[in-house]
Amino acid sequence: MIRRRLIVRGRVQGVGFRYACEQAAARAGVRGWVRNRSDGTVEAVLEGETSAVESMTGWVRQGPPAAAVTGVDVTDEDPEGLSGFTVR
């Protein structure tokens, strides 16, 4: 199991990013959460099997159709054993 924290930049708020991320995470079997930050970025924490988290990291780099992702900062962290995936 691995854990990653992602900070997503670009046009990522007001475009359904968090809810699309929640759906994509459910399909991938990834646990964690996603939230808007006051600086206009989106923050996501992803936990799960390496291949599932890698897949979600790739999804985040694209985002939903209305988003325009310009960059993603990725930080590896120690897993905490989260359950489910929530929008904060």
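This is a predicted model: local features need pLDDT of at least 70, side-chain atom pairs count only at pLDDT 80 or more; totals for chains, interfaces and linings use all residues.

User: Which residue forms a salt bridge with Arg9?

Analyst: The general idea is that side chains of opposite charge can pair when their charged atoms come close. Here the partner of Arg9 is Asp73, with 2.9 Å between the closest N and O atoms. This pair links distant parts of the chain, since Asp73 belongs to strand 4 and Arg9 to strand 1, 64 residues apart. Asp73 is partly exposed as well, at 38% relative accessibility.

User: How many salt bridges are found in the whole structure?

Analyst: The search finds ten. One of them joins the side chains of Arg3 and Glu80, at 3.6 Å from N to O. That pair also links distant parts of the chain: Arg3 is in strand 1 (residues 2-11), while Glu80 is in the loop between strand 4 (68-77) and strand 5 (85-87), 77 residues apart.

User: Is Arg3 buried or exposed?

Analyst: Arg3 is buried, because its relative accessible area is 4%. Glu80, with 57%, is exposed. Arg3 and Glu80 also belong to a network of salt bridges that includes Arg5, Arg35, Glu43, Glu47 and Glu77. Another salt bridge joins the side chains of Arg37 and Asp39, at 3.2 Å from N to O; Arg37 is partly exposed, with 28% relative accessibility.

User: Where is Gly81 found?

Analyst: Gly81 is in the loop between strand 4 and strand 5. At 54% relative accessibility it counts as exposed. The C-alpha atoms of Gly81 and Arg3 are 9.2 Å apart, although 78 residues separate the two along the chain.

User: What is the nearest side chain of opposite charge to Arg18?

Analyst: For Arg18, which is buried, the nearest opposite charge is Glu22 at 9.1 Å, and Arg18 has no salt bridge. That separation rules the pair out, because a salt bridge requires the atoms to be within 4 Å. The side chain of Arg18 does reach the backbone oxygen of Arg88, at 3.2 Å. Arg18 lies in helix 1 (residues 17-28). Beyond residues up to four places away in sequence, Arg18 touches Val34, Arg35, Asn36, Val87 and Arg88.

User: What is Thr57 in contact with, leaving aside its neighbours within four places in sequence?

Analyst: Its contacts are Arg4, Leu6, Leu46 and Val74. Thr57 is found in helix 2 (residues 50-62), and its relative accessible area of 4% is why it is classed as buried.

User: How many helices and strands are there in the protein?

Analyst: There are two helices and five strands, in the order β-α-β-β-α-β-β from the N terminus. Of the contacts with a separation of 6 or more, 78% are between residues 24 or more positions apart.

User: What radius of gyration does the protein have?

Analyst: For 88 residues the rule gives a radius near 12 Å, and the protein has 12 Å, so the two agree. The C-alpha trace spans about 30 × 20 × 20 Å along its principal axes. Of the 88 residues, 42% count as buried. The protein exposes about 4,600 Å², with 45% of that supplied by carbon and sulfur atoms.

Key:
Residues are numbered from 1 along each chain as its sequence is written. Side-chain values use heavy atoms; hydrogens and water are left out. Helices (H or I, at least four residues) and strands (E, at least two) are DSSP runs, numbered from the N terminus. Buried means under 20% relative accessible area, exposed over 50%, partly exposed in between (1.4 Å probe, protein chains only). Lys and Arg count as positive and Asp and Glu as negative; His and the chain ends are not counted. A polar contact is a pair of N or O atoms within 3.5 Å; within protein, one must be able to donate a hydrogen and the other to accept it, and residues adjacent in sequence count only if both atoms are side-chain atoms. Contact means heavy atoms within 4.5 Å. The radius of gyration is taken over C-alpha atoms; the globule rule is 2.2 Å times the number of residues to the power 0.38. Accessible areas come from the Shrake-Rupley method with a 1.4 Å probe; for residues, only the protein chains shown count as cover.
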